[in-house]
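Visitor: Please take me through one part of this model closely. Which strands pair up here, and what lies around them?

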Amino acid sequence: MTELVLDVRAVSAGYGKMPIIKDISVHVDHQQIVTIIGPNGAGKSTLLKAVFGLNQHFSGEITFVGMSIFNARTADLVPLGISAVPQTHNVFSSLSVDENLDVGTFAAPPRDAEATKAHILELFPDLKDKLKQQAGQLSGGQRQMVAVGRALMSDPKLILLDEPTAGLSPAYLEVIFDLLLQVRDSGVSILMVEQNAKQALQIADYAYVLVNGENAYEGTGAELLADDEVRRSFLGGGGAP
Ligand SMILES: Nc1ncnc2c1ncn2[C@@H]1O[C@H](COP(=O)(O)OP(=O)(O)O)[C@@H](O)[C@H]1O
Ligand SMILES: [Mg+2]
């Protein structure tokens with residue numbers, strides 16, 4: 001049986017008085033990777049911000065494990081079990097890797113911070129011998145691991161990731177996506193926005209295409225990869241995936 005973790009129903013949200021996303025519906029089940037793709041400016045980041053209480057909500061409903069979180073404050077969402085990795089500035093460059101991970105416990109201390117950290121270092125073994133290094137000295141991929149690791153330090157049920165592979169080389173992109181599969185398999189649901197759409201759909205249990213702030217297509221990652229129209233318009237060409 002699947003368990004609904006996040007249910008965004010007909011949500012309109014934006015900044016000031018202006019709705020950017022309109023009547024958007026998205027859901028994420030337990031232990032699922034759900035990917036949002038779509039053109040630049042479609043409202044993908046705005047959707048993640050709406051879930052994380054970072055902008056103006058106009059209408060609709062958002063529930064997290066059955067509780068309404070519509071208009072909830074970010075500071076209250078972290079203790080409930082949601083954490084987020086923003087698109088940029090997602091590590092503290094002058095802090096060590098270890099300190100960055102510790103920052104992840106401030107808003108919602110996990111039951112056993114040391115055990116949680118040990119578990120995260122099992123998932124991201126590359127970070128183990130870099131704990132004392134400044135995060136700013138790491139490669140882009142390693143910084144991304146630190147950012148995701150920090151988000152996991154509060155023991156969330158759901159993490160929101162805005163373009164976790166932006167700027168990474170194709171080889172590193174695969175590394176990060178493999179890690180996200182492991183994070184999912186460890187019991188955490190993932191809602192992520194991605195520009196590397198083809199690869200992101202390959203690891204997605206379910207996916208949505210947003211266009212002009214509205215739901216345009218949805219289906220399993222495999223279904224969207226096989227859809228001619230989606231391929232032509234959003235995956236850079238009509239060839240077989
Ligand atoms: N803080 C903001 N204030 C006002 N408008 C914004 C803000 N952030 C984004 N927008 C506008 O919202 C629209 C969607 O942006 P965004 O959600 O960042 O798109 P995407 O992530 O899909 O590229 C854009 O037109 C952008 O200019
Ligand atoms: Mg964005």
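Guide: Start at Ser12, which stands opposite Ser59 in strand E4. This is a predicted model: local features need pLDDT of at least 70, side-chain atom pairs count only at pLDDT 80 or more, and totals for chains, interfaces and linings use all residues. Residues are numbered from 1 along each chain as its sequence is written, chains are lettered from A and ligands numbered from 1 in the order in which they are written, and side-chain values use heavy atoms, with hydrogens and water left out.

E4 covers residues 56–64 and pairs with E1 in the antiparallel sense, over seven bridges. Two strands pair if DSSP finds at least two bridges between them. Strands (E, at least two residues) and helices (H or I, at least four) are DSSP runs, numbered from the N terminus.

Now move along E1, residues 4–15, to Asp7. Is Asp7 buried or exposed? Asp7 is buried, because its relative accessible area is 8% and buried means under 20% (exposed is over 50%, partly exposed in between; 1.4 Å probe, protein chains only). The areas come from the Shrake-Rupley method with a 1.4 Å probe, and for residues only the protein chains shown count as cover. Asp7 touches Val26, His27, Glu61, Ile62 and Thr63, leaving aside residues up to four places away in sequence. Contact here means heavy atoms within 4.5 Å. With His27 there is also a polar contact, side chain to side chain, at 3.1 Å. A polar contact is a pair of N or O atoms within 3.5 Å; within protein, one must be able to donate a hydrogen and the other to accept it, and residues adjacent in sequence count only if both atoms are side-chain atoms.

Go back to E4. Its other partner is E5, residues 67–68: the two run antiparallel and are joined by two bridges. Phe64 stands opposite Met67 in E5. Together E4 and E5 form a hairpin with two residues between them. Look at Val65 in that turn. Its phi is near 35°, a positive value in a residue other than glycine. Most residues other than glycine have a negative phi. Val65 is partly exposed, with a relative accessible area of 27%.

Asn71 sits in the loop between E5 and helix H2 (74–80). The phi of Asn71 is near 65°. Asn71 is partly exposed too, at 49% relative accessible area.

Next, helix H1. Seven of its eight residues are buried. They are Lys44, Ser45, Thr46, Leu47, Leu48, Ala50 and Val51. Just after H1, Gly53 takes a positive phi of about 70°.

H1, residues 44–51, also gives the most to the shell around ligand 1, with three residues. The residues around ligand 1 include Tyr15, Ile20, Lys44, Ser45 and Thr46. A residue is near a molecule if one of its heavy atoms lies within 4 Å of it. The shell divides into four nonpolar residues, five polar and one charged. In this scheme Ala, Val, Leu, Ile, Met, Phe, Trp, Tyr, Cys and Pro count as nonpolar, Asp, Glu, Lys and Arg as charged, and the others, Gly among them, as polar.

Finish with the oxygen atoms of ligand 1. A polar side-chain atom of Lys44 lies 2.8 Å from one. A backbone N or O atom of Gly41 lies 2.8 Å from an oxygen atom of the ligand. For Gly43, a backbone N or O atom lies 3.0 Å from a ligand oxygen. The protein covers 58% of the 560 Å² of accessible area that ligand 1 has on its own.
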